[in-house]
Amino acid sequence: MEGQEKPSTSIKREPTGIQGLDEALQGGLPPGVVTLVTGTSGSGKTTLSMQFLVYGAKHGEKGIYFTLEESPEDIIEQFEIFDPSIRELIASNMLKVVEVPIVDYESLKETVLSESEAMDAKRIVIDSINYFQMFFPDIISIRRAIMEVSLMLKSRHSIGILIGEIPSGENKLSTFGVEEFATDGVIALYLLEKQGTFTRAIRIVKMRNTNHVTKFMPLDITPKGIVVYPTAELFQDV
Ligand SMILES: Nc1ncnc2c1ncn2[C@@H]1O[C@H](COP(=O)(O)OP(=O)(O)OP(=O)(O)O)[C@@H](O)[C@H]1O
Ligand SMILES: [Mg+2]
């Protein structure tokens, strides 16, 4: 199996806390990387990103989730089912879910920067960069903005997740076709259909400085959240 046998490199890793994914990533995400978490609708992008923040918060790394779409309370309520301790983490200022009003790009940057600095967040999620299309008339400007936001997160020495979307039924990684080139890492989530059965899957498309697993891996959303099975095959029993 490609990418699994070699021992971890000496690069420090920040565990995502997602069982199976950290194994597939040689221990977690390298510090200072910005990763595009892309996927079809309902594929688990929000759950995976919240798990990453909650794990960090429980291990002393403050995290912040910027939402341009769902309300913070909806996101918290949905995640509470997996982990009720989310409320305590928020109360102790280890975790914050912030709504970003869709006004313009400059206010988005200002909100992300000021809120992240105010709490000294080390893990930052923006859901989703698809809304950048509201701010710009062309794809080149969207790509430039994604790169600028990535640099902003890196300059704070944070680990960033930018959430994107895979349009349904299309063989692409992103809506605009540029998002995957503007980030250091890409993790894609899927709901795959075979013979009338839907299977959840995840693929690490790229990750800087990491000899990661590259194949599609099965993924489950369990009562405790997302679990990835790096050594299992997709559709093995279909
Ligand atoms: N408690 C749960 N147990 C099992 N599966 C769940 C649970 N809660 C949600 N799910 C599944 O996870 C899916 C949604 O996950 P999530 O919100 O993380 O996806 P998403 O990719 O962010 O979706 P969207 O495209 O709407 O933003 C639901 O459609 C549902 O199938
Ligand atoms: Mg979501």
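Because the model is predicted, local features are reported at pLDDT of at least 70 and side-chain atom pairs count only at pLDDT 80 or more, while totals for chains, interfaces and linings use all residues. Residues are numbered from 1 along each chain as its sequence is written, chains are lettered from A and ligands numbered from 1 in the order in which they are written, and side-chain values use heavy atoms, with hydrogens and water left out.

We may begin with ligand 1, around which stand T40, S41, G42, S43, G44, K45, T46, T47, I81, F82, R200 and I221, where a residue is counted if one of its heavy atoms lies within 4 Å of the molecule. This shell divides into 3 nonpolar, 7 polar and 2 charged residues; here Ala, Val, Leu, Ile, Met, Phe, Trp, Tyr, Cys and Pro count as nonpolar, Asp, Glu, Lys and Arg as charged, and the others, Gly among them, as polar. Helix 2 gives the most to the shell, with 3 residues, helices being DSSP runs of H or I with at least four residues and strands runs of E with at least two, numbered from the N terminus. Looking at side chains, an oxygen atom of ligand 1 is 2.8 Å from an N or O atom of K45, an oxygen atom of the ligand is 2.5 Å from such an atom of T47, and for R200 the distance is 2.7 Å. The protein covers 64% of the 640 Å² of accessible area that ligand 1 has on its own, as given by the Shrake-Rupley method with a 1.4 Å probe.

Finally, strand 7 (residues 197-207) and strand 8 (residues 217-222) run antiparallel and are joined by 2 bridges, two strands being paired if DSSP finds at least two bridges between them. I202 stands opposite M217 in strand 8. Strand 8 also pairs with strand 9 (residues 225-228) in the antiparallel sense over 4 bridges, and L219 stands opposite V228 in strand 9. Strands 8 and 9 form a hairpin with 2 residues between them.

Conventions
Polar contact = N/O pair within 3.5 Å; in protein donor to acceptor, adjacent residues only side chain to side chain.
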